Amino acid sequence: MLTLKREGYDGATRVPLGPAGDYYFLLSPESVKRVVLEDAESYPRRFSVPLFRTLDLDRGIVYEQGERHRSQKRRCIPAFENSVSMASFLAAFDEEAAALAAGWRAACDRDGGSTRLDLYAETRSLTLRVVLRVTFGLDARTSDYENAEELSTIIGDYLEAIVATANEIPPLWQVYPPLSANYVRVTETLLPRLRFLVNDLIAYRRRELDDDGAAARSSDLLSILARDATLEDADILYILFDLIIAGSDTTASTIAAALFVLHEPRHAAALDRARAEAATLGDDLALDAVRDELPYHTGVAREVLRLFPPVPFIGRTSVRATDLGGAVPEGATMCWSPWFLGRDPAAWGSDASEFRPARWLDDPVTGGAPTTFSWLPFGAGPRGCLGTRLGLTESIVGTARILRDFDLAFDRAGEELSFKYDLTLNLGASTTCTVSPRGRV
């Protein structure tokens with residue numbers, strides 16, 4: 001897309017992709033705004049991939065279509081936008097982050113003052129535990145639900161296995177599924193067990209609601225959905241499946257990427273500034289105070305999401321013939337890229353590819369770009385991400401707490417962040433490091 005823009009293309013540009021057909025690349029924030037917001041009814045369908053359809057992942061809130069999608073989203077909004085739920089989400093994150101830090105300190109004590117770990121793997125574990133709490137209402141350490149720990153393990157294994165399946169070259173699961181060990185493991189072992197456990201938990205939560213109203217007093221998503229008598233268990237299951245995937249790896253990669261990029265030698269001044277701000281962070285930060293008390297970390301999170309968005313491309317399929325500065329036929333796929341929008345020099349200037357968190361202090365709304373549609377890691381419009389505030393808050397606070405409590409020395413010191421995209425941004429083993437406590441108790 002950056003090449004097309006440099007060659008003078010703009011707006012909606014038709015790109016023939018051979019057997020895959022014609023796609024329309026959206027090369028301006030204005031064309032993206034038209035598709036995802038102003039004329040969203042003409043482009044209601046999110047482009048999916050065959051693997052998602054095979055695994056029924058196109059039936060949840062992320063890939064569901066039309067009125068069913070709108071209905072699901074309306075039901076989920078209270079769990080992500082009311083103040084009680086959001087405050088409980090931050091409390092859950094604080095508790096899980098404290099448990100993570102305690103585990104690191106214990107490992108440092110055991111290993112003689114410091115310990116080596118895979119930061120990305122650690123943040124994935126952290127954010128998955130948070131998702132289990134805010135989505136399912138589960139704390140695997142204290143929950144009364146007897147299968148809480150197994151559910152956590154199965155979800156982690158399932159996420160890793162579908163990524164491995166999607167990354168197969170050639171895609172054996174498409175050519176002849178029995179040849180793909182990853183696909184067989186997902187479809188014959190992990191997915192059936194995961195469905196059983198989630199359905200069992202849904203039934204458990206409904207019994208709580210019938211017995212003593214406990215679910216009625218809870219703010220987690222499952223309890224909110226269980227209170228809706230019009231929702232079938234299958235509907236709840238598909239919504240929860242989607243949010244598990246959308247809410248764990250994406251935030252984990254942002255925290256790990258932020259810490260790595262801050263520790264690149266060329267960003268020493270940014271690291272010093274972030275550490276100084278993190279040192280002022282208390283343990284009882286209120287939700288509404290996050291951005292006021294951590295403005296530089298807010299800029300760090302936004303800048304990482306600009307340069308390394310969780311998803312590089314997003315598609316919308318038109319349901320009628322439209323015009324985007326040129327005729328677009330029914331059934332066409334509009335393709336836009338948060339990666340491209342965040343690195344376009346036309347919007348961000350000559351330093352578009354540079355990590356500069358201060359741009360968000362100078363302009364907290366757009367970071368200096370002419371429109372908010374130049375920064376879309378969470379999407380926008382009717383299909384925008386429900387968890388935008390939660391994910392951004394986790395990224396800000398998580399980065400600050402780790403910087404406050406630990407020193408990190410990355411194995412790949414002096415190199416740039418290594419990553420790839422599969423279903424979402426994947427840092428692989430690029431953030432292995434040595435950590436040591438900074439003296440906090």
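Predicted model: local features only at pLDDT ≥ 70, side-chain atom pairs only at ≥ 80, totals over all residues.

Reader: What is the order of the strands in the five-stranded open sheet?

Author: The order is β1-β2-β8-β5-β3, and the pairing is mixed. At the edges lie β1 (12-16) and β3 (45-46), each of which pairs on one side only.

Reader: How many aromatic pairs does the structure hold?

Author: There are eleven aromatic pairs. For each, read the distance between ring centres and the angle between planes. Phe-260 and Phe-410 make an edge-to-face pair, with 5.0 Å from centre to centre and 65 degrees between the planes. This pair connects distant parts of the chain: Phe-260 belongs to helix α12 (residues 233-262) and Phe-410 to strand β9 (residues 406-410), 150 residues apart.

Reader: Is Phe-260 buried or exposed?

Author: Burial is read from relative accessibility, with a cut-off of under 20% for buried. Phe-260 counts as buried because its relative accessibility is 2%. Phe-410 has 9%, so Phe-410 counts as buried too.

Reader: What is the geometry of the aromatic pair formed by Trp-348 and Trp-360?

Author: That pair is tilted, with 5.9 Å between centres and 50 degrees between planes. Trp-348 lies in helix α17 (residues 345-348) and Trp-360 in helix α18 (residues 359-362), twelve residues apart. Both Trp-348 and Trp-360 are buried.

Reader: Which ring does the charged end of Arg-343 sit over?

Author: For such a contact, read the distance from the charge to the ring centre. The charged end of Arg-343 is over the ring of Trp-339, 3.8 Å from the centre. Trp-339 also belongs to an aromatic cluster with Phe-308, Phe-419 and Tyr-421. Elsewhere, Arg-302 places its charged end over the ring of Trp-375, at 4.5 Å from the ring centre.

Reader: How does the radius of gyration of the chain agree with that of a compact globule?

Author: A compact globule of 441 residues would have a radius near 22 Å, and the chain has 22 Å, so the two agree. Its C-alpha atoms fill a box of roughly 65 × 55 × 45 Å along the principal axes. Of the 441 residues, 55% count as buried. The secondary structure amounts to 19 helices and twelve strands.

Note on methods: Residues numbered from 1 in each chain as written. Heavy atoms only, no water. Pairing = 2+ DSSP bridges. Helix = DSSP H or I, 4+ residues; strand = E, 2+ residues; numbered from the N terminus. Phe/Tyr/Trp six-rings, centres within 6.5 Å; stacked < 30°, edge-to-face > 60°. Buried < 20%, exposed > 50% of the residue type's maximum accessible area, 1.4 Å probe, protein only. Lys NZ or Arg CZ within 6 Å of the ring centre and 35° of its normal. Rg over C-alpha atoms; globule rule 2.2 N^0.38 Å.
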